[in-house]
Structure formats: structure tokens, C-alpha cells
Amino acid sequence: MGRWRDGTGELSVLDGAGAGVPLEIAASYRARTRGLLGRDGIEGALLLTPASSVHTFRMRFAIDVAHLDRHLRVIAVRTMKPGRLGAIRPRARYVLEAEAGAMAAWGLRPGARVVIATGQDLRT
């Protein structure tokens, strides 16, 4: 898999209920640093790439965090309250963020695989 660029797409969880979830892709340093800061919520999910950990300092709401390996398989899923520092997952290449409770509704759990579809080729 090549490198991603900032943009939008659609997330699907294989063998899950999450099909057609709106996705924002944050691949640049600036987009990853900004993440969900300053927002009151998110419609869908945010993919941080590359990333192996996150924090929720200065966040306004709790989030679900899923660490994905290079094959887009879920390593771990956690819910994080604002003001927390997440654990580093050495095998993680991507981090998926969504509002708290969303990932359970999509059927996203450790071992599940996600598929990302983009309207344009966002990988270089």
C-alpha cells in the first residue's frame, strides 16, 4: 500500500455493519496534528496515517480509537475520554478515530478488517 494524501473516502468493515461510513483522511503532518481538535463531533471517522498512538488533550468529546496494522486489520479498539494519552501500538500503521460508541455500532473489533474506498486515488 502506498502513502496516503489528505482527502475523503468511505470506510467499510468486513463482516460488520459499518458500510459506507464517511471518512476523512489525515496524512500530512498538519492534518494529523489538527485531527479532531476544536470540533464538537465528527460525522463518520478520521484516519490518521501514519500513526501508532493518539492523545485527547484539548478534545471536546470522547472518542473511539482503533489501531490498524499495515493490512488494515484492527489491532485494538479503545474509548478515550478527553485529556488522555493513548498507548503506543508498535505494530500500528494507522489510527482510526470516531465518536465514542460508533465503532461498536459498525462491528469494528480486534481482528476485523476494514476497506477504504476513495473517489480519487489518495495514495502516492
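Is His67 buried or exposed? I began with this residue, and I found that His67 is buried, with a relative accessible area of 5%, where buried means under 20% relative accessible area and exposed over 50%, computed with a 1.4 Å probe on protein chains only.

I noted the ground rules next: this is a predicted model, in which local features need pLDDT of at least 70 and side-chain atom pairs count only at pLDDT 80 or more, while totals for chains, interfaces and linings use all residues. Residues are numbered from 1 along each chain as its sequence is written, and side-chain values use heavy atoms, with hydrogens and water left out.

Leaving aside residues up to four places away in sequence, I listed its contacts, among them Ser52, Ser53, Arg73, Tyr94 and Val95 (contact means heavy atoms within 4.5 Å).

Turning to the nonpolar cores (sets of buried Ala, Val, Leu, Ile, Met, Phe, Trp, Tyr and Cys residues joined through side-chain atoms within 4.5 Å), I saw that the largest has 23 residues, and that Leu11, Leu23, Leu47, Leu68, Leu96, Trp106 and Leu108 have the most contacts inside it. Strand E4 (63–68) and helix H2 (102–106) are among the elements that give two or more residues to this core. Another core, of 14 residues, lies apart from it and includes Val54, Met59, Ile63 and Met80.

Definitions and conventions. Helices (H or I, at least four residues) and strands (E, at least two) are DSSP runs, numbered from the N terminus.
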